[in-house]
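Here are a few notes to go with your reading. Have the structure open while you go through them.

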Amino acid sequence: MNKDYLLKWAKAAGVRAVKTMAQTAIATIGTTAAMSEVNWILVGSTAGLAGVISLLTSVAGLPELKQ
């Protein structure tokens, strides 16, 4: 694996992870009735875990990158 491919992979995987984290945070926030009832620690930890899982899934390959 060359350096150029690794940089492209890191950028693509990072973008996917951030999008996944945002979607997870929105879904988690959406489960509460009012903003004052949002458990922000739960939102952050759930979104963070989703980001880690996204990065691990990206190890299997990203279709937008041709090697």
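Is S58 buried or exposed?

1. S58 counts as buried because its relative accessibility is 3%; buried means under 20% relative accessible area, exposed over 50%, and partly exposed in between, with a 1.4 Å probe and protein chains only. You'll find S58 in helix α2, residues 40–58. Helices here are DSSP runs (H or I, at least four residues), numbered from the N terminus.

2. A word on the source: this is a predicted model, where local features need pLDDT of at least 70, side-chain atom pairs count only at pLDDT 80 or more, and totals for chains, interfaces and linings use all residues. Residues are numbered from 1 along each chain as its sequence is written, and side-chain values use heavy atoms, leaving out hydrogens and water.

3. Who does S58 touch? Leaving aside residues up to four places away in sequence, S58 touches W9, A13 and R16, where contact means heavy atoms within 4.5 Å.

4. Now look at T28, which sits in helix α1, residues 3–29. T28 is buried too, at 14% relative accessibility.

5. R16 pairs up with E64, with the closest N and O atoms 3.1 Å apart. That pair links distant parts of the chain, 48 residues apart: R16 is in helix α1 and E64 in the segment after α2.

6. D4 and K8 form a salt bridge at 3.6 Å, N to O. Both lie in helix α1, 4 residues apart, or about one turn of the helix.

Technical notes. Helix = DSSP H or I, 4+ residues; strand = E, 2+ residues; numbered from the N terminus. Salt bridge = Lys/Arg side-chain N within 4 Å of Asp/Glu carboxyl O.
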